Amino acid sequence: MWYSGGTAGGFRARRRNVELEAGTVVEGRVVRVVSFGAFVELAGGEQGLVHISQIAHEYVTNVRDYLNEGDIVQVLIKGRDAKGRLDLSIKDLTPAPEGGAPPPRPRRLPKQSPEFENKLKSFLRGTGGFGGKGKKGGRKKR
């Protein structure tokens, strides 16, 4: 496979006996980066998705830390999904880091207990909200 470009639209992929089958390693160009991964254009103009979980062995929070539009990357074709779209991986082509398991994902803070939430709502109702002056309306009853 080879690439040529140089015009405003710039990039044309030409196929040279490359089969787009599961297990095939091909080269492609990143055409769009989104929060959940990157779309890569392969030979013949067909596009596939490298999901964020298939970019690197470590936890990826921002795809742009690893890939940008215009990057030429080697990808492994994992197969096609139920709709016929290509499922790609970069992670499967790189060796796993030494040291065994990947670092743990960042932990989320636990939710507050419902008791706390109820107490807070009750408090805010009684004070008129944040910065309120006691009861609603500010007038005394006669």
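**Note on a predicted barrel model**

1. The side chains of Arg64 and Glu69 meet in a salt bridge, at 2.9 Å from N to O. A salt bridge here is a side-chain nitrogen of Lys or Arg within 4 Å of a carboxyl oxygen of Asp or Glu. Arg64 is partly exposed, at 40% relative accessibility. Glu69 is also partly exposed, with a relative accessible area of 40%. The terms run as follows: buried is under 20% relative accessible area, exposed is over 50%, and partly exposed is in between (1.4 Å probe, protein chains only).

2. A word on the source. This is a predicted model, in which local features need pLDDT of at least 70 and side-chain atom pairs count only at pLDDT 80 or more, while totals for chains, interfaces and linings use all residues. Residues are numbered from 1 along each chain as its sequence is written, and side-chain values use heavy atoms, with hydrogens and water left out.

3. Now the overall make-up. The chain has 1 helix and 7 strands. Along the sequence they follow the pattern β-β-β-β-β-β-β-α. Helices (H or I, at least four residues) and strands (E, at least two) are DSSP runs, numbered from the N terminus. Of the 142 residues in the chain, 25% are buried. The chain exposes about 10800 Å², and carbon and sulfur atoms supply 51% of that area. Accessible areas come from the Shrake-Rupley method with a 1.4 Å probe; for residues, only the protein chains shown count as cover.

4. Contacts reach along the chain. Take contacts between residues at least 6 apart in sequence: 50% of them join residues at least 24 apart. Contact means heavy atoms within 4.5 Å.

5. Which strands close into the barrel, and in what order? There are 5 of them, in the order β3-β4-β5-β7-β6, and the pairing is mixed. From one strand to the next, the twist averages 50°. Axes are lines fitted to C-alpha atoms, for helices over the stretch in contact, and angles run from 0 to 180 degrees between N-to-C directions. Two strands pair if DSSP finds at least two bridges between them.

6. With β4 it pairs in the antiparallel sense over 5 bridges. The two form a hairpin with 2 residues between them. Val33 has Ala38 in β4 as its bridge partner. Strand β3 (residues 25-34) also pairs with strand β6 (residues 72-80), again antiparallel and over 5 bridges. Here Val25 stands opposite Leu76. Gly28 stands opposite Val73.

7. Thr24 sits in the loop between β2 (12-14) and β3. Thr24 is partly exposed, with a relative accessible area of 21%. A polar atom of the Thr24 side chain lies 2.9 Å from the backbone oxygen of Glu21. The C-alpha atoms of Thr24 and Val75 are separated by 8.4 Å, though the two residues are 51 residues apart along the chain.

8. Is Gln54 buried or exposed? Gln54 is buried, with a relative accessible area of 13%. Its place is the loop between β5 (47-51) and β6. The Gln54 side chain makes a polar contact with the side chain of Ser89, at 2.8 Å. A polar contact is a pair of N or O atoms within 3.5 Å; within protein, one must be able to donate a hydrogen and the other to accept it, and residues adjacent in sequence count only if both atoms are side-chain atoms. Leaving aside neighbours within four places in sequence, Gln54 is in contact with Lys78, Leu88, Ser89, Ile90, Lys91 and Asp92.

9. Asp92 lies in the loop between β7 (86-89) and α1 (114-127) and Lys78 in strand β6, so the pair ties together parts that are 14 residues apart in sequence. Asp92 is partly exposed, at 41%. Lys78 is partly exposed, at 38%.

10. How many salt bridges does the structure hold? The structure holds 4. One of them joins the side chains of Arg80 and Glu46, at 2.8 Å from N to O. Arg80 lies in strand β6 and Glu46 in the loop between β4 (37-41) and β5, so this pair ties together parts that are 34 residues apart in sequence. Arg80 is partly exposed, with a relative accessible area of 41%. Glu46 is partly exposed, at 28%.
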